[in-house]
Amino acid sequence: MKAVLLAGGLGTRISEESHLRPKPMIEIGGRPILWHIMKTYAAHGVNDFIICLGYKGYIIKEYFANYFLHMSDVTFDMAENRMEVHHRHAEPWRVTLVDTGESTLTGGRLKRVREYLSADEPFCFTYGDGVADLDMAAQFAFHAAHGKLATVTAVLPPGRYGALVRDGDGRGEGVRGFVEKPRGDGGWINGGFFVLSPQVLERIDGDATPWESAPMESLARDGELMAFEHHGFWQPMDTLREKSLLEELWQSGQAPWKCW
C-alpha cells in the first residue's frame, strides 16, 4: 500500500516557523514532523510514499537527497575530494516527491499524483502536520471489510483549556474539581488519516478543489464514506503552542505516537 502525504501548504498559522521552511519540515525532537508521520506508517508496513510538494518544496527534496548525511556519521576528505558515510541508518522507504504547485488546494494536489498510484489498489492519504497513535492495521482491515470507496479517521479533538467542575446552577457555586483539557464538545471531526480507493480521484475537478469540500461531500452523499473511530491520541501542529506540546511529549520519552 502507498501513502500520499500533503506537504505543500503555506502553514500560515505557524508562520513564525513556516516562513523559513514548509510546515512538514518543522522539527519535533530534531526530526521533521513529516519524518514522524512516515515512521508511523512504516511501523504498520507502509513504506512507499508519495509526497505532494508546493511551498518551498526544494527543502524537502534536499532533505531526502541528503538523508544519509542527516542520519549518519560522515567523513569528508578534503584533499581527496571524497566523502565516506559511516553506520548508515537506511529506512526501507521509497519516496516519490512531486511538485503539485504552490497554490494548488488539497484535492488538486491529490489528483496531480494520480499517475503514481495503482489503478486498482487502495492507498493512504494524510496531511503532513499531525500525529496519532492510530491502529492503522485495524483501519486498513476496516476499509477492506466495508467495501466502500473511502474511510476517514474520526477523532474527538482535545479541548484547548482546562474545565472547572462546579456545583449548583452557575451563580456563585463552589468548584468541586478541575479537568485538564477535556475532550471538546463531543463532536467527532475529520482526523486527517484516510484510506481511499483510486476511484475517488474522479470526484476531484482540478487544482482549485479542496479535498474536504465537494469530493468528501459527494462520497458522504452517495454512502461511500465510512468513519473509523479513533479514541486514542491525536494532535495536529497548527500553532507554536501545539509544536511545544509535541516537543514536550517527545522529550519526556513518552510520545504516544512513537510506535517504532
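**An open mixed sheet and its surroundings**

In the predicted model, 7 strands are arranged as an open sheet whose order is 7-4-1-8-13-10-14, with mixed pairing. The edges of this sheet are taken by strand 7 and by strand 14 (225-230), each of which has a single partner strand, so that one side of each remains without a neighbour in the sheet. From one strand to the next, the twist averages 25°. In general terms, strands of a sheet are paired through backbone hydrogen bonds, in either a parallel or an antiparallel manner. The secondary structure of the protein as a whole amounts to 8 helices and 15 strands.

Of the 260 residues that make up the protein, 44% count as buried, and the accessible surface comes to about 13,300 Å², of which carbon and sulfur atoms account for 50%. When contacts between residues at least 6 apart in sequence are considered, 72% of them join residues that are at least 24 apart.

Within the sheet, strand 4 (residues 48-53) is mostly covered, since 6 of its 6 residues are buried. As a general rule, side chains in a regular strand alternate between the two faces of the sheet. In strand 4, Asp48, Ile50 and Cys52 point one way, whereas Phe49, Ile51 and Leu53 point the other way, and all of these residues are buried. Strand 4 pairs with strand 1 (residues 2-7) in the parallel sense over 6 bridges, and in this pairing Ala7 has Leu53 of strand 4 as its bridge partner. Strand 4 is also joined to strand 7 by 6 bridges, and these two strands likewise run parallel; here, Ile51 stands opposite Leu97 of strand 7. Beyond strand 4, in the loop that leads from this strand to helix 3 (57-65), lies Lys56, a residue that has a positive phi of about 50° although it is not a glycine.

Thr96 belongs to strand 7, which spans residues 94-99. With a relative accessible area of 19%, Thr96 counts as buried, because the cut-off for that class is under 20%. Leaving aside residues up to four places away in sequence, Thr96 touches Phe49, Ile50 and Ile51, together with Tyr116.

An antiparallel pairing is found elsewhere in the sheet, where strand 10 (residues 150-155) and strand 13 (residues 189-196) are joined by 5 bridges. In this pairing, Ala154 has Asn190 of strand 13 as its bridge partner.

Strand 5 (residues 73-77) and strand 6 also run antiparallel and are joined by 5 bridges. Strand 6 comprises residues 82-86 and includes Met83, which is the bridge partner of Phe76. The hairpin formed by strand 5 and strand 6 has 4 residues between the strands, and within it Asn81 takes a positive phi near 50°. Asn81, which lies in the loop between the two strands, is therefore a residue other than glycine with a positive phi value, and its relative accessible area of 72% places it among the exposed residues, for which the cut-off is over 50%. Met83, by contrast, counts as partly exposed at 44% relative accessibility. Both Phe76 and Met83 take part in a nonpolar patch on the surface that also contains Leu69 and Met78, and the four residues together have about 430 Å² of accessible area.

Leu110, in helix 5 (residues 106-112), counts as buried with a relative accessibility of 0%. Its contacts, not counting residues up to four places away in sequence, are with Val4, Phe123, Phe125, Leu196, Leu201, Ile204 and Trp211.

Definitions and conventions: Residues numbered from 1 in each chain as written. Predicted model: local features only at pLDDT ≥ 70, side-chain atom pairs only at ≥ 80, totals over all residues. Heavy atoms only, no water. Buried < 20%, exposed > 50% of the residue type's maximum accessible area, 1.4 Å probe, protein only. Contact = heavy atoms within 4.5 Å. Patch = residues over 30% accessible without salt bridge, like charges linked within 9 Å, V, L, I, M, F, W, Y side chains within 5 Å. Areas by Shrake-Rupley, 256 points an atom, 1.4 Å probe, with all protein chains shown as cover. Salt bridge = Lys/Arg side-chain N within 4 Å of Asp/Glu carboxyl O. Pairing = 2+ DSSP bridges. Axes fitted to C-alpha atoms, helices over the stretch in contact; angles between N-to-C directions.
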